[in-house]
Amino acid sequence: MATDWAFEELGTRAFEQLSVALAVALLGPGVEVYGSGTDGGREATYTGAIEWPAVAGGAVGPDEAWTGYTVVQAKQCERPTSPSRDLAWLKGQVRGELDTWASGERSKLPDNLLFVTNARLSAKDVTGGIDEIKNYISSQLDRDRVDGEGRPVGTLRRRGLAKVHVWHRDMLNAIVSANSSIRDAFPALLTVGDLLSRLTTLHPGKIDPQQLAPLLVDHAQSTLRNEQWLRFDEAGDTPESRHQIDKAIVDLPAKCDGQRIPSLISEIVNRADLVARKTVWQSTRPRHLVITGAPGNGKSTVAKYLTQVYRANFIRREANQDSIIDLIERTEKSLERIRVSGPKNPRWALRVDLADMANDMGPSGGPNIKRWLSDLVTRSTELSVEPASLSDWMQAWPTLLIFDGYDEVTMPQHRHRVVDEITGLLEWSDAKDADLMIVITTRRTGYTERFIPDEFDQIDLDELTASEAAEYASHITSQRLDGDQNHRLRILERFDEAAKNAAVERLLRTPLQVLIMTIILGGSGDLPTTRYQLFWNYFDTVFKREANKSTANRSFFRDHRSAIVELHQIVGLILQIRCEETDESVAKMPRSELFDIAQRYMREDEHDETTVAAFSERIFDVATQRLVLLTADQNDTVSFDVRSLQELMAGTRLVGGADEQTRVNLEMTALSPHWRNTWLFAAGKMANDSRPRRQMLLEIVETCDDIGNWPAWLCPTGPELAANLLEDGLAADRPKDQKRLIEVVLRCLQGPLPLEPRSVASALQLAAARSQIDSQHIRNAIRKALGATGERSAIAKVLMKYGQYGLGPIPGAYTEKDLQRAVEMWTVRLPKFLDLQEVSVAELIRPTFDELAPAIEPAEAQLVERAMEDLEALKLCRTREGDLWPIVDAGTRVAPSLDEVLDSSEASDLLRVCLGSLGPSEDWAASAVVTRVAAAMRSRRAVGALLSGAE
């Protein structure tokens, strides 16, 4: 008798995968598989004759052979109970599907239909029996039907759907029992015995499964206990204060392919429920995920929570410690609270701080990724876990690796090492057919490349709506002020009132911003209207709170406010430079260095040595224990616990000097992604200064592309900088300045394609919403570009896809499909063309180069010739429409020879002419690919050594 497998333990999408795998195994390789999503009611189809095989001595199909077009549909019953109830459920599912086919909503009516279900049906001639579902299906096929207007359309059988069959639970049990390879691919069907047997079979004599499995269970318990905490250091908590992440977590909205997803956590869990084995995966979408978001969006909090969810799920039947059992129950309750269904796929989870891993690996020579992961696991277990053992485990058991903070890996050579190591891990996983899923988090702003786009789908955290912000404010304030109900209610009343102000509401876009707003409202701070004011008012609120307390520090705060503030700014700038120039992700400063800086600062003001010594000794404790902006770390160091606060302090330091020094600092940092958030804080401070200082800021935005040796003809930055200022609302109350910024943003319509088109579209949409005149100006500019050809038209379509710029669509000859295609070009996922003509950038510009190279200095021409090797690696394909479609992720490419060309005026001019010779209507994408390579290289050049103020 076949085992009764727990099919209901599979997620819905995994059950669909199982159904498809079984269909392929029994019907043959001619089965065409459809990925998850809108598939027209099809998990798989088969065209041709089907001679039904016998499995375990029993038939799995009807008595006669099938011919024609067959559709396979999966129907998973979430809670099978009894044959009678399961039959009633199955009838409803069958009726719904047949009604949909009869309505004509699907494109092609099949000749045959196969339902795959885990519903229990009785073999006996009683209620709930197999014969009863057969009779019911036959009656449905022979039922006369009418269309939506009541006109007769005949029966489904007369229209061609003649045969329907059901693979019910007993059949599935037999098929799965007879196919061990399929059974092993779906972990929810495995027993502990299956797992241990499989571990033994992988490498006989090499691994002791009886030891490894309990070891990794112990690892999950240990890390659950130690990593369950979330700190609100940025909220003014003491360093010892901590909160349980399952109680603090909220779900977050996100976007995928331009569509809003109300629940990020549900989306990730649903995808992780799928089996990621190469032999099972049939979707055209990548198996792995990159989660991007702006600073303070909650990426790392979600990463920590997901790890806890999967660890709790992994050991829920094995936990043997009371505190862990309680934690598992809390985690399950937290999923219920945020209305997320728990995972079905029992993945073993491991969260990795990518910056730590990159630092230990180095650009070369350090441990490889498996060695590093093994060492990470070993730290939380009693025995040493070797890479070979961990590999065997990941091959045998589904695994979730969460790599947190790719944006924190700042050095290019370290980023390349990380990409290479993860790529190698994916190749190993496919070679071993392992069920490995990887999730990576990174900042969106400032990093334009997509992470291995053929392997990773990208989900972007979305801004909070007003109602979502209010919900988060209520929840997080309840967590912070759990024992002070009156104060909590006062804060939330003030929050609701403040959110009615449009300028304030615009600031409530990320969890961190909402949290900081509640802190400000808990004090007596003024309501901020820009992001800079929000963060600075937070600092001011915390400072005043501590200064007003009746403690021994009260006079210290009163007497040394300016010194304390300026020291935070100096340290912020030093650490920001250090992040750029070294491999540190969270830059740390030794206590002795902070002491020296404080002494030097006080001596410059000619304080006596007694005051200098007292101040220097005390500033460490005040900064780390009272203000809680700097954090006391291990090894007697300090750092900013919240990256945005470091950037705030660094930004205010950049513009804290004389005008000439301020101009140089802003010009040097304007083009660097590493400095972008810092630059915007600096701009926020400038926007609050005098009119001449505001004018200086606008002039820098208008002319930054003409500064130094930045190749503005290839990758201008001004439009995106101006867009960032519009998004921050820095000129919202000054119409003239607002128009100047809009003009700079609209330069992007001349090309090249913006590196961050979403930010550009969001900024223009905000500007259009503020002024009808500005709205019409923006619409006119986009409409004019839309009517052009090639790149200008493509940019207009991308902006139209990502934003709305007034009432109604922008006039023009285009469809929604045209807009979507303009966006999809840069996902580096090829459409399904049958005949692709692959071409490189070098091939396209070679004729022009050969013609013009003799006209310039031989040494300069040789520079461009060497760059041709870099350009040869930049591949595109010619589509049926005649244009070019990128097929490589240009943003992650290394092109040193191209970089040399851009440093040479004459060689750069030759390259510019060569790229300009490309067909403006068909081949412009080749130039845009070069733009992305150049921008990724040039924008990561370190500029910290050129700045003033870090002394």
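Modeller: Let's begin in helix 12 (residues 322-337), where R330 and D326 sit 4 residues apart, which puts about one helical turn between them. Helices here are DSSP runs of H or I with at least four residues, while strands are runs of E with at least two, and both are numbered from the N terminus. The side chains of R330 and D326 do meet, in a salt bridge of 3.6 Å from N to O. The term salt bridge stands for a side-chain nitrogen of Lys or Arg within 4 Å of a carboxyl oxygen of Asp or Glu. R330 is buried at 13% relative accessible area, whereas D326 is partly exposed at 38%. Buried means under 20% relative accessible area, exposed means over 50%, and partly exposed lies in between, using a 1.4 Å probe and protein chains only.

A word on what you are looking at: this is a predicted model, in which local features need pLDDT of at least 70 and side-chain atom pairs count only at pLDDT 80 or more, while totals for chains, interfaces and linings use all residues. Residues are numbered from 1 along each chain as its sequence is written, and side-chain values use heavy atoms, leaving out hydrogens and water.

That pair belongs to a count of 59 salt bridges. Another is formed by K875 and E872, whose side chains meet at 3.2 Å, N to O; E872 is partly exposed, with a relative accessible area of 32%. R878 also takes part in one, with D923, and their closest N and O atoms are 2.6 Å apart. R878 lies in strand 23 and D923 in the loop between helix 39 (905-916) and helix 40 (924-938), so this pair ties together parts that are 45 residues apart in sequence. D923 is buried, at 11% relative accessible area. Elsewhere, salt bridges link D407, E408, R443, R643 and E647 into a network.

Strand 23 (residues 875-878) is joined to strand 24 by 3 bridges; two strands count as paired if DSSP finds at least two bridges between them. Within this pairing, L876 stands opposite P886 of strand 24.

Now for some rings. The count of aromatic pairs comes to 12. Rings of Phe, Tyr and Trp (its six-membered ring) pair if their centres lie within 6.5 Å; planes under 30 degrees apart are called stacked, over 60 edge-to-face, and the rest tilted. W393 and W397 make a tilted pair, 6.2 Å centre to centre with 35° between the planes, and both are buried. The ring centres of F543 and F557 are 5.1 Å apart and their planes stand at 90°, so that pair is edge-to-face. This pair links distant parts of the chain, 14 residues apart: F543 in helix 21 (residues 531-547) and F557 in helix 22 (residues 554-559). F543 is buried at 3% relative accessible area, and F557 is buried at 1%.

Apart from neighbours within four places in sequence, R531 is in contact with L507, Q513, N677, L680, F681 and D728, where contact means heavy atoms within 4.5 Å.

Last stop: helix 31 (residues 735-746). Its 12 residues reach 16 Å from first C-alpha to last, close to the 16 Å expected; the expected span is 1.5 Å times one less than the number of residues. Among its buried residues are L741, I742 and V745. The buried residues of helix 31 pack against helix 29 (691-703), helix 30 (718-727), helix 32 (757-770) and helix 33 (772-786).
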